[in-house]
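I opened this notebook to record a few local features of one model. The entries follow the order in which I looked them up.

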Amino acid sequence: GLVVAVRIEDAASGQLIAETSRTAPDEEAVVATVHAVAMELRRSLGDTRAALASTEPLPLVLTASLEALRRYRDAEGLSQAVRFPEAAQAYREALTIDPAFAEARVSLAQSYNNMGFEDSATVEQQRALTTPERLRDVRRRDVEASLRFYSDYASWDESMFRSGQRTNDALRLSYFNHFDSAVTLVELEIRDEVRRVRRFDPDRQLRTEGLSWINSIGWAIASGRFEELAALRDSLAVAPTPYWLLRSSIVSGDWRRADSLRIAFPGAWFSFVFRSLDAARGRIRESHDGWSEIPALILEVVYGVPAVDAGAQLIDRRLMTVGEYVQHGVQAAFLGDTAEAKRVSTRLREARASATSALFEQSFGPLFALIDAGISMRRGDWDAAVETLAPRAKRANEPGHVFGSGTPYLVRWVLADAYTHLGEPEAAIQELDAVLQVCDDMAWHLLAYPAAHFRLGRLHAQLDNAGQAREHFVTFLDTFTDPDPDYEWMVEEARAEVERLGRGD
């Protein structure tokens with residue numbers, strides 16, 4: 001081990017004022033040990049409790065520059081506040097001071113990823129690994145795993161194009177199966193943090209508001225492992241944070257508790273949490289202003305909110321560019337601009353024919369189908385819409401089959417709509433039940449949740465399933481409590497139906 005010892009003496013008399021020492025069992029523990037020694041000295045010298053409580057521990061990163069460390073801490077605060085462009089600038093400033101500051105490169109890569117600059121993120125991760133001795137072991141493993149995943153994914157993409165087959169190896173590399181390895185990495189980091197903290201100060205509370213915990217919650221929900229993560233948290237005796245309480249309230253359907261938490265802890269959530277709860281409560285148009293990409297499509301298809309953009313172009317065939325273009329085509333198809341939808345569909349077919357990657361077809365196939373189905377539905381050809389969407393619905397949750405986890409909602413929702421128009425309520429109920437069972441992250445799930453219950457209430461009432469109809473309407477009313485004026489009719493209809501069904505009419 002290494003001993004950290006400090007003595008403070010009066011310069012004139014040599015009288016001892018304070019002293020303390022602690023032992024770090026290994027080099028990785030030195031930073032935390034120095035922090036503990038400093039806190040103990042400050043306590044003995046009379047620092048107030050408030051001053052001590054406001055002192056954050058130094059980040060567990062390796063840099064020889066105090067100024068680089070300061071810029072890194074500034075960047076971490078900006079990142080926690082979801083101000084990624086500013087955070088990226090601060091990380092770059094830290095790297096200007098200390099170019100070998102590998103942890104800053106990893107964090108910069110995360111900011112680039114959050115801004116959609118995947119190529120830049122990959123470059124920074126590769127640069128971080130040129131000085132692996134400046135990374136903690138768990139962080140180095142995380143970066144290596146991330147680079148290996150994307151490298152293997154690209155290799156799989158090209159081999160799939162050549163062979164035309166989807167192999168088991170390909171499935172294991174898919175986006176949804178990646179959640180398992182992602183959660184595992186996060187849990188390893190959490191466990192390491194617990195061991196590190198409790199080695200020196202068993203009374204110190206483990207922080208659970210950092211991005212590792214926040215991301216692990218989202219991943220656990222999306223991969224159906226939320227209960228497993230909850231069990232891990234309980235086993236570590238970690239006190240629940242407001243963010244944890246909010247997410248667990250939403251997973252359990254406790255909407256009143258979720259609302260009260262949001263009011264009690266303003267500023268504790270990412271903006272998408274506000275928009276998700278607003279949409280679930282009925283503030284659809286207000287929520288729509290902050291959405292983009294697939295969540296906005298769900299609002300537009302499910303609630304009929306007008307699209308806000310127009311005239312998107314397919315510039316190249318990168319995932320994000322194609323994604324935005326396809327979503328624009330779906331918007332046009334379902335909101336009545338059939339000519340624009342056909343223009344997009346024609347352009348996509350041309351791109352399909354010249355595509356150099358099977359991922360182009362594999363990722364966006366369900367959304368291509370939604371454009372075609374939307375055009376068919378606009379001309380009243382519901383049979384054609386079912387023929388287009390039914391095969392996609394069966395495959396919608398296959399690993400690696402879709403780009404964007406909101407797509408299964410859209411495919412099944414639109415298919416349910418087509419079945420309803422064809423007078424097949426049982427088939428529509430089956431698809432809407434599947435919408436509610438899709439295990440997904442909070443934002444996507446909340447957008448469709450209340451409207452699905454409303455539609456199911458209508459369908460069960462049509463089939464004289466009074467008990468099930470009433471149950472779905474009550475669930476809808478418990479959720480959809482503050483609707484925009486445009487959607488008050490849904491609440492009025494649900495209340496009337498609950499009253500009628502309660503009378504046994």
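Entry 1. I began just after helix α12, where Gly-253 takes a positive phi of about 80°. I note at the outset that the model is predicted.

Entry 2. I then turned to α12 itself, which spans residues 242–251. How many of its ten residues are buried? I found seven, so the helix is largely enclosed by the rest of the structure. The buried residues are Tyr-243, Trp-244, Leu-246, Arg-247, Ser-248, Ser-249 and Ile-250. I recorded that Arg-247 is among them.

Entry 3. Glu-227 belongs to helix α11, residues 226–235.

Entry 4. Strand β1 (residues 2–9) and strand β2 (residues 16–24) run antiparallel and are joined by eight bridges. Which residue of β2 is the bridge partner of Glu-9? I found Leu-16. The hairpin has six residues between the strands, and among these I noted Gly-14, which takes a positive phi near 80°.

Entry 5. Leu-45 is 37 residues from Ile-8 in sequence, and their C-alpha atoms are 9.9 Å apart. Leu-45 sits in the loop between α1 (30–44) and α2. With a relative accessible area of 47%, Leu-45 is partly exposed.

Entry 6. I went on to the loop between α2 (49–53) and α3 (66–80), where Thr-63 lies. Thr-63 is partly exposed at a relative accessible area of 21%; I checked this against the cut-off, since buried means under 20%. Thr-63 and Ile-97 are 34 residues apart along the chain, and I recorded a C-alpha separation of 9.8 Å.

Entry 7. Finally I looked at surface charge. Which residues form the negative surface patch? I listed Asp-383, Glu-387, Glu-424 and Glu-426. Of these I looked up Glu-387, which is found in helix α20, residues 382–395. Glu-387 counts as exposed, because its relative accessibility is 63%.

Methods: Residues are numbered from 1 along each chain as its sequence is written. This is a predicted model: local features need pLDDT of at least 70, side-chain atom pairs count only at pLDDT 80 or more; totals for chains, interfaces and linings use all residues. Side-chain values use heavy atoms; hydrogens and water are left out. Patches are made of residues with over 30% relative accessible area and no salt bridge: like charges are joined within 9 Å, nonpolar side chains (Val, Leu, Ile, Met, Phe, Trp, Tyr) within 5 Å. Accessible areas come from the Shrake-Rupley method with a 1.4 Å probe; for residues, only the protein chains shown count as cover. A salt bridge is a side-chain nitrogen of Lys or Arg within 4 Å of a carboxyl oxygen of Asp or Glu. Lys and Arg count as positive and Asp and Glu as negative; His and the chain ends are not counted. The place of a charge is taken as NZ of Lys, CZ of Arg, CG of Asp or CD of Glu. Helices (H or I, at least four residues) and strands (E, at least two) are DSSP runs, numbered from the N terminus. Buried means under 20% relative accessible area, exposed over 50%, partly exposed in between (1.4 Å probe, protein chains only). Two strands pair if DSSP finds at least two bridges between them.
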